[in-house]
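Here is a short report on a protein model. Look at the structure first, then read on.

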Amino acid sequence: MQKKDIDWGNLGFGYIKTDKRYVSNYRDGAWDEGVLTDDDKVVISECAGVLQYSQSVFEGLKAYTTEQGQIVTFRPDLNAERMMDSAARLEMPPFPKERFIDAVVQTVRANAAYVPPYGTGATLYIRPYMFGSNPVIGVKPADEYQFRIFTTPVGPYFKGGAKPLTICVSDFDRAAPHGTGHIKAGLNYAMSLHAIVSAHKAGFDENMYLDAGTRTKVEETGGANFLFVTKDKHVVTPKSASILPSITRRSLLYVAEHYLGLPVEEREVYFDEVKDFAECGLCGTAAVISPVGKIVDHGHEILLPSGMDHMGPVTQQLYDTLTGIQMGRIEAPEGWIHVID
Ligand SMILES: *Cc1c(COP(=O)(O)O)cnc(C)c1O
C-alpha cells in the first residue's frame, strides 16, 4: 500500500479529508448494515433533531503504526461501550459494540494510506459519532439516527517536547451533579466554548473545573481528566459521577499500578490539596498526558514542583510506558491492542 504524500511530521490537529468514511442509518427501529462511502457530506432535514436539540454523541480514538509495522487501535471496545452509555443517556439507540469495532476496523483499513508511518509521532484520529437525523420540533428524541466514522491524520501533539501548561480555575461549571458530564456529548462542549475562549483571552491554556455542587473538588478540564502525583509518588485521580471516564486515564492508572508499581488512588480530590501535589497532568487520547506546570486560582498561583520546563518524572514514565504500549515497543496487557491488518 502506497502511503499518501503527507508531511507527517508537520501535521497539526485539524481535519484533513480522507478517502472513505462509514455510515449506518437507524430507521424503523433498526440499524441498517452500514457502508463505506466516498461521500463526506451529510444531508439531513433542516429540522433534524440534532440541529434543533443537539441530540448527538461522539467518540475519539486513534490508529497507530507500531514498531513492527502493524496498524493497530487502542482499546476500541471501551470506546464502543462508552458510546453506548452516552447514547442511552440521550435516549438514542445504542450502536452495538461488535458493530462499532467492525466499523472502526473497516474505516481504518479503507484509509490505511493515511495512517502515519511509525516514528513520525503522527497518528490517524478516528471520530465515531451519532446524531438524530429526522425532523423533530416538539421536544422528544428523534426516531431516526445516523452513525458515522471518519478519520483524519493528526500530528504529534507536542512538537519539540511537551511544554507544561498554565491552567486557571474556572468560574464556569462544566457539568451539573446528575447531569451529562459523564457522557461524551457535543452539548458538554458547546457550553464549554465560552469558558475556554475566556481562559485563552486571559492567557491560560486550559480550565480546571470544580464540582458544580460545592466548588471545592477538582473535576476535569473541558476535554481531559486530571492525574496528580503526590510527593511520595502515589498517582491520584479525581472520582466524581460528573467526570467523563477517560480511557487514557483508566489505562494510565493501570500502567502506574501494574507496570511502574506505584500506588494509585481514585478518590475525591479537594482543591485545597492541589498545592501539595508534586506533579499534575491532563489525560486524553489527543495528547496522552499534557503536563501542568502552574494552576492559577483568581490570582493565587500554585506552582507544581515539576516546574515549567518539562514533565514531572512520574508523568514522563507514565507517558513513555503508555505510548510504548501503543506503539508496540512494550508488551500490552491482554486485549488492549486491536490489530487491523
Ligand atoms: C474525551 C474526553 C476525555 C478524554 O477521554 P479519552 O478516552 O482518554 O480520550 C476527557 N474528558 C472529556 C470531557 C472528554 O470528552
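## The largest pocket

The largest pocket is lined by 45 residues, and Y157, Y189, G223, A224 and A286 lie nearest its centre. On a 1 Å grid over the protein atoms alone, a pocket is an open set of points with protein on both sides within 12 Å along at least five of seven lines, and lining residues have an atom within 4 Å of a point. This is a predicted model: local features need pLDDT of at least 70, side-chain atom pairs count only at pLDDT 80 or more, and totals for chains, interfaces and linings use all residues. Residues are numbered from 1 along each chain as its sequence is written, and side-chain values use heavy atoms, with hydrogens and water left out.

How much space lies in the largest pocket? About 1,000 Å³. A volume is the space filled by probe spheres set on the points, and grid points are joined across faces, edges and corners. Elements that each supply at least two residues of the lining include β7 (123-132), β8 (145-154), α6 (247-258) and β15 (288-297). Helices (H or I, at least four residues) and strands (E, at least two) are DSSP runs, numbered from the N terminus. By class, the lining of the largest pocket has 23 nonpolar, 15 polar and seven charged residues. Ala, Val, Leu, Ile, Met, Phe, Trp, Tyr, Cys and Pro count as nonpolar, Asp, Glu, Lys and Arg as charged, and the others, Gly among them, as polar.

## Cavities

The structure holds two cavities of 30 Å³ or more. A cavity is a set of points where a 1.4 Å probe fits but cannot get out. About 100 Å³ of space lies in the largest cavity. Its lining includes G60, F74, N79, T285 and Q326. Both β5 (61-65) and α6 give two or more residues to this lining. The largest share, three residues, comes from β5. By class, the lining of the largest cavity has five nonpolar, six polar and one charged residues.

## Helix α6 against helix α7

The axes of α6 and α7 (residues 313-326) come within 10 Å and cross at roughly 105°. Axes are lines fitted to C-alpha atoms, for helices over the stretch in contact, and angles run from 0 to 180 degrees between N-to-C directions. That makes α6 roughly perpendicular to α7 (angles under 35 degrees count as roughly parallel, over 145 as roughly antiparallel, 65 to 115 as roughly perpendicular and the rest as oblique).

Which residues make the contact? T248, S251, L252, V255 and A256 come from α6, and L318, T321, L322 and I325 from α7. Contact means heavy atoms within 4.5 Å. Six of these residues are nonpolar, three are polar and none is charged.

## Helix α2 against helix α3

Helices α2 (residues 76-89) and α3 (residues 97-110) pack at an angle of about 125°, with axes 9 Å apart. That makes α2 oblique to α3. The contact involves P76, D77, N79, A80, E81, M83 and M84 of α2, and K97, F100 and I101 of α3. By class, this contact has six nonpolar, one polar and three charged residues.

## Residue F13

F13 sits in the segment before β1 (21-27). Not counting residues up to four places away in sequence, F13 touches Y125, V154 and A286.
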